[in-house]
Amino acid sequence: MLSKEVTDYVESLVPKRNELLSEMEEYAKEHGVPIMELIGIEALLQLLRLHQPKKILEIGTAIGYSALRMAFALPNAHIVTVERDEERYEKAVEYIEKAGCQSRIHLLFGDAFEFEKEMEEHGPYDMIFIDAAKGQYQRFFEAYEPFLSERGMIISDNVLFKGYVAEDPELIEKKRVRSLTKKIQTYNQWLMAHEGYETVILPIGDGIAISLKRGEEK
């Protein structure tokens, strides 16, 4: 993980976001809404600019920050995103409408596993972004990777979980943190060993795993 000094320095170089995104960042900070760390999302957006996905599936909308960042960076992309927290969902609707992106961001309210059929109908996806309940990452991956296009990629956020994954979980006092650490460690090991994907973990933000679908051998 980057030191605070290095993180602060890199963040100071990132151009200011527009008024709406800045408002969302302030709202997230004030209300404790988890959105991607600045360096992490900047890296994600650069990767997407290179990959140029046309269809994106996002698991975990929160207030719509990452969906809008992706929509702004990729004017030709269509995003399907799902959120189960009603207050955050309603806030996402508000922000997406303010941005005028209703036609390109299809927002679903409810548990992600309730919309598998609808998500499949909107696919296949060139990129799937997992940024929801950390303890469910493997379930999300297994449920939605069949909807991925050939040579598509799956990106998982928070895979370093504030550095806890590098610790012995049994030495972590808080039960919830200990449990999530074990689950993310298991997910990372499973992901890195997955025969269908080439995966790299980048130690930026809270850790990003980039899994590229191998595709059929010719």
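The model on your screen is predicted. Look at the backbone of Ala62. Its phi is near 55°, a positive value in a residue other than glycine.

**Stop: the largest pocket**

Stay at Ala62 and show the surface around this residue. The largest pocket has a volume of about 1400 Å³. Its lining has 49 residues, and those closest to the centre are Val33, Pro34, Ile35, Ala62 and Asp131. Select these five together to find the middle of the pocket.

Now colour the elements that give two or more residues to the lining: helix H2 (19-31), helix H3 (38-51), helix H4 (65-73), strand S2 (78-83), helix H7 (137-144) and helix H8 (175-192). Which element gives the largest share of the lining? Helix H2 does, with five residues. Next, colour the lining by residue class. You will find 19 nonpolar, eleven polar and 19 charged residues.

**Stop: H3 against H4**

Keep two of those helices, H3 and H4, and hide the rest. Two packed helices are described by the angle between their axes and the distance between the axes. Here the axes come within 10 Å and cross at roughly 35°. The crossing of H3 with H4 is right-handed.

Show side chains at the contact. From H3, select Leu38, Ile41, Glu42, Leu45, Leu48 and Arg49. From H4, select Tyr65, Ser66, Arg69, Met70 and Ala73. By class, this contact has seven nonpolar, one polar and three charged residues.

**Stop: an aromatic pair**

Bring back the whole structure. How many aromatic pairs does a search of it find? The search finds ten. Zoom in on Phe141 and Tyr197. Their ring centres are 5.1 Å apart and their planes stand at 75°, so this pair is edge-to-face. Phe141 lies in helix H7 and Tyr197 in strand S6 (residues 197-202), so the pair ties together parts that are 56 residues apart in sequence.

**Stop: Phe113**

Next, select Phe113. You will find it in the loop between strand S3 (105-109) and helix H6 (116-122). Which residues is Phe113 in contact with, leaving aside its neighbours within four places in sequence? Select Gln136, Arg139, Phe140, Ala143 and Tyr144. Then pick Glu90 and draw a line between the two C-alpha atoms. Phe113 and Glu90 are 20 Å apart in space, C-alpha to C-alpha, and 23 residues apart in sequence.

**Last stop: Pro124**

Finish at Pro124, in the loop between H6 and strand S4 (125-130). Is the peptide bond from Gly123 to Pro124 cis or trans? This bond is cis, with omega near 0°.

Note on methods:
Residues numbered from 1 in each chain as written. Predicted model: local features only at pLDDT ≥ 70, side-chain atom pairs only at ≥ 80, totals over all residues. Heavy atoms only, no water. 1 Å grid on protein atoms, 1.4 Å probe; cavity = no way out; pocket = protein on both sides within 12 Å on 5 of 7 lines; lining within 4 Å. Points joined across faces, edges and corners; volume = space filled by probe spheres on them. Helix = DSSP H or I, 4+ residues; strand = E, 2+ residues; numbered from the N terminus. Nonpolar A, V, L, I, M, F, W, Y, C, P; charged D, E, K, R; others polar. Axes fitted to C-alpha atoms, helices over the stretch in contact; angles between N-to-C directions. Left-handed = near helix turned anticlockwise from the far one by under 90°. Contact = heavy atoms within 4.5 Å. Phe/Tyr/Trp six-rings, centres within 6.5 Å; stacked < 30°, edge-to-face > 60°.
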